Amino acid sequence: MKQNSCPSPGNDSFGFMQFNNTSQHIDHQNLHTEVHPVALVGAGPGDPELLTIKALRLLQAAEVVLTDRLVSHVIVDEYTNPEAEIIYVGKQCRRGASTPQRTINELMADYALQGKKVVRLKGGDVSIFSNVLDELETLVAHNIPYEIVPGVTAALGAAAYAGIPLTARNRSTAVRFLTYYKSDVVTDAYWSELARTRDTLVFYMSAETLGRVVDQLLAHGADAATELAIVEQATTPLQKVHTSTLAHYAKELGGLQLKSPSLVIIGKVVELHRQFAWRANQGGEEEYFKPVEGKLVAYGKDAKRA
Ligand code: SAH
């Protein structure tokens with residue numbers, strides 16, 4: 001499998017950006033400033049219409065939005081308060097700069113303590129494979145109130161838009177959200193269990209390691225006829241679904257250059273895609289989530305985004 005995904009949202013080690021406001025010091029001087037709750041908001045997986053009404057309301061009232069890369073540009077450009085300051089803090093993978101988590105924490109706290117209405121906008125759901133814990137700890141440490149607005153996580157978006165009911169009757173009674181980007185954390189015993197379970201397995205951030213996931217499942221006794229689906233750019237107009245079986249994966253899909261982001265669904269439910277797919281695959285090489293070029297920049301309302 002060629003590599004074109006973003007396996008490591010928690011990794012701050014590549015691409016450091018400068019921002020004027022990165023000092024460790026958080027200004028508590030103005031004790032009379034009203035501090036609004038910071039809204040930690042899930043933006044959904046791609047289709048901007050999957051935004052919740054609550055998220056929309058908060059975005060329209062926001063003065064500062066700290067947004068990730070895997071958030072639809074339509075949400076930022078059309079559904080967010082046009083006066084808001086938009087700051088791209090996403091991990092840009094290897095194709096561009098990424099923002100250290102510490103900087104994100106500091107920006108969020110700084111703006112909140114200045115009395116700004118801050119939305120921290122995250123792709124999919126707020127809590128699934130994200131660094132929300134660091135952000136919550138920062139907010140608590142500074143006594144900043146907050147609210148959490150869930151979003152449609154990629155697994156649910158991808159499954160729905162690929163016509164794969166994740167716990168369909170007689171096929172699966174549970175679903176697991178997994179990742180294999182840190183390959184060392186999965187023990188042999190856990191692989192054996194995964195290989196034998198009837199649960200639907202959904203792998204996030206695993207495009208680069210999918211070959212090894214398949215090998216491990218087969219080596220631990222999984223049924224080679226088990227089907228898998230890779231959903232690229234799920235719920236966006238560029239969505240594409242590839243299916244195969246564990247046995248045929250290497251031959252049929254192993255050489256694909258997957259578009260980022262992509263998600264893998266494994267299990268008996270995947271066969272339902274053939275019958276219930278309701279969206280045609282889109283061709284082309286285009287990427288829906290474009291990396292933002294350059295440094296961490298705060299964009300004013302009329303500023304041109306790269
Ligand atoms: N908090 C996010 C997940 C962040 S981890 C959520 O709840 O969805 C990033 C991973 O999510 C990607 O590597 C990919 O596996 C998955 N992902 C996010 N958006 C996706 C999309 N539109 N299509 C396919 N996979 C997606």
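Which residues form a nonpolar patch on the surface? Val-140, Tyr-146 and Ile-148 do, and together they have about 280 Å² of accessible area. This is a predicted model, in which local features need pLDDT of at least 70 and side-chain atom pairs count only at pLDDT 80 or more, while totals for chains, interfaces and linings use all residues. Residues are numbered from 1 along each chain as its sequence is written, and side-chain values use heavy atoms, with hydrogens and water left out.

**Surface patch**
- Patch residues have over 30% relative accessible area and no salt bridge, and nonpolar side chains (Val, Leu, Ile, Met, Phe, Trp, Tyr) are joined within 5 Å.
- A salt bridge here is a side-chain nitrogen of Lys or Arg within 4 Å of a carboxyl oxygen of Asp or Glu, and accessible areas come from the Shrake-Rupley method with a 1.4 Å probe.
- Tyr-146 belongs to strand S5 (residues 146-149); helices (H or I, at least four residues) and strands (E, at least two) are DSSP runs numbered from the N terminus.
- Tyr-146 counts as partly exposed because its relative accessibility is 37%, where buried means under 20%, exposed over 50% and partly exposed in between.

**Aromatic pairs**
- The structure holds 5 aromatic pairs, meaning rings of Phe, Tyr and Trp (its six-membered ring) with centres within 6.5 Å; planes under 30 degrees apart count as stacked, over 60 as edge-to-face and the rest as tilted.
- In one of them, Phe-129 and Tyr-204, the ring centres lie 4.9 Å apart with planes at 55°, so the pair is tilted.
- Phe-129 sits in the loop between strand S4 (118-122) and helix H4 (132-141) and Tyr-204 in strand S7 (residues 200-204), so this pair ties together parts 75 residues apart in sequence.
- Phe-129 is partly exposed at 31% relative accessibility, whereas Tyr-204 is buried at 8%.
- Tyr-180 and Trp-191 have ring centres 5.1 Å apart and planes at 80°, so they form an edge-to-face pair.
- Tyr-180 is in the loop between strand S6 (175-179) and helix H6 (188-196), and Trp-191 is in helix H6, so the pair links parts 11 residues apart in sequence.
- Tyr-180 is buried at 3% relative accessibility, and Trp-191 is buried at 2%.
- One aromatic cluster is formed by Phe-129, Phe-177 and Tyr-204.

**Helix H1**
- Ala-55, Leu-58 and Leu-59 are the buried residues of helix H1 (residues 53-61).
- Down the axis of H1 these buried residues fall within an arc of 100°, so they line one face of the helix; the arc is that of the directions from the helix axis to the C-beta atoms.
- The buried residues of H1 pack against strand S1 (38-42), strand S2 (64-67), helix H2 (73-78), S4 and S5, with contact meaning heavy atoms within 4.5 Å.

Methods
Patch = residues over 30% accessible without salt bridge, like charges linked within 9 Å, V, L, I, M, F, W, Y side chains within 5 Å. Buried < 20%, exposed > 50% of the residue type's maximum accessible area, 1.4 Å probe, protein only.
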